[in-house]
Amino acid sequence: MRHLISVADLERTDIERILDRAESFAEVGRRDIKKVPTLRGRTIVSLFLEASTRTSSSFELAAKRLSADVVSIRSSGSSADKGESLQDMVATLSAYDPAAFIVRSPEVGAASLVTRWTEASVINAGDGKHEHPSQALLDLFALRRRMGSIEGASVWFVGDVLHSRVARSGIQAFTKLGAKVTVCGPPTLIPRGIEALGCSVSHTLEGSEKADVIYALRLQRERMGEAFLPSLREYAARYQIDSRSLGPRQLLMHPGPVNRGVELASDVIDDPRSLIAEQVASGVYVRMAILYELLSGSGPRRESGEATTTTDIARHPEIGQPA
Ligand code: CP
């Protein structure tokens, strides 16, 4: 695999391999020294042209824990402010001979376009409302750890599905691992034809009490140029999840950041049934596994005898030594 642009490009076996490898990196993460030398000498460019806290920080940490050099560019304060195009930025940053570009953009298809302009691997860290594949993989990882298996699980994505790249990637990823997915929200926030991704649609929470997982989505007010809702109060009254609406054995997920008091009541965020903190922690291990998947086999800089495969990681405790 050279790029990670869409969950549609992944087979179930690809997903399971990445999740299993992330478990190996989680084991490395429990050591005092959390770094491995896998990407020593490689450069990774993190190019975020849209706001991010979790994805940007966890990709940066993942790359550093694999011993890569990281160049982090944000739209604010970079030459994007002066009108430099994405293509010109990629050409400029390619002068550093990067192994990978991690790209977030408000534009659908941006990461895919970048693959045409560079020899490096490209990871889609969110392109408009299209896809966010690394989020889907970390969600699967966090849920698989809690449930043991995702096969047969019932997962409800609730809220602003229309603007959600998390939902578009998540529906595909969860169904590939055997879950049954329902999307739920007001008709104005459910895209027409979403069933083609393999989910069913509900406009009320009726029936969600039987779900294993409620995956609440952020109301993306920054992408709402027109009135999609009569009022936030009315939306919250119909779709907000709180500690009483969640069943005793149901699990709650949310990609963050949360609009407290809108899609989630504050009381449920730190509830033991909430996986939100586990999702964030999982991001580092899964993104290490993604970088490993794309880059470990292609690099010219592997030194003889250096442990780089998952099996090697399991067998060789010395890779926890300083890189
Ligand atoms: N879940 C997610 O993509 O969060 P950030 O926007 O903070 O990266």
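Analyst: Domain bounds are taken from an automatic or database domain assignment. By this assignment the chain is divided into domain 1 (7-131 + 283-320) and domain 2 (133-278), with C-alpha centres that lie 26 Å apart. This is a predicted model in which local features need pLDDT of at least 70 and side-chain atom pairs count only at pLDDT 80 or more, while totals for chains, interfaces and linings use all residues. Residues are numbered from 1 along each chain as its sequence is written, and side-chain values use heavy atoms, with hydrogens and water left out.

Between the two domains, 32 residues of domain 1 are in contact with 26 residues of domain 2, where contact means heavy atoms within 4.5 Å.

Polar contacts are pairs of N or O atoms within 3.5 Å. A backbone N or O atom of T53 is 2.8 Å from a ligand oxygen atom. The side chain of H132 places an N or O atom 2.9 Å from an oxygen atom of the ligand, and the side chain of Q135 has an N or O atom 3.0 Å from a ligand nitrogen atom. Taken alone, the ligand exposes 250 Å², of which the protein buries 91%; these accessible areas come from the Shrake-Rupley method with a 1.4 Å probe.

Note on methods. Polar contact = N/O pair within 3.5 Å; in protein donor to acceptor, adjacent residues only side chain to side chain.
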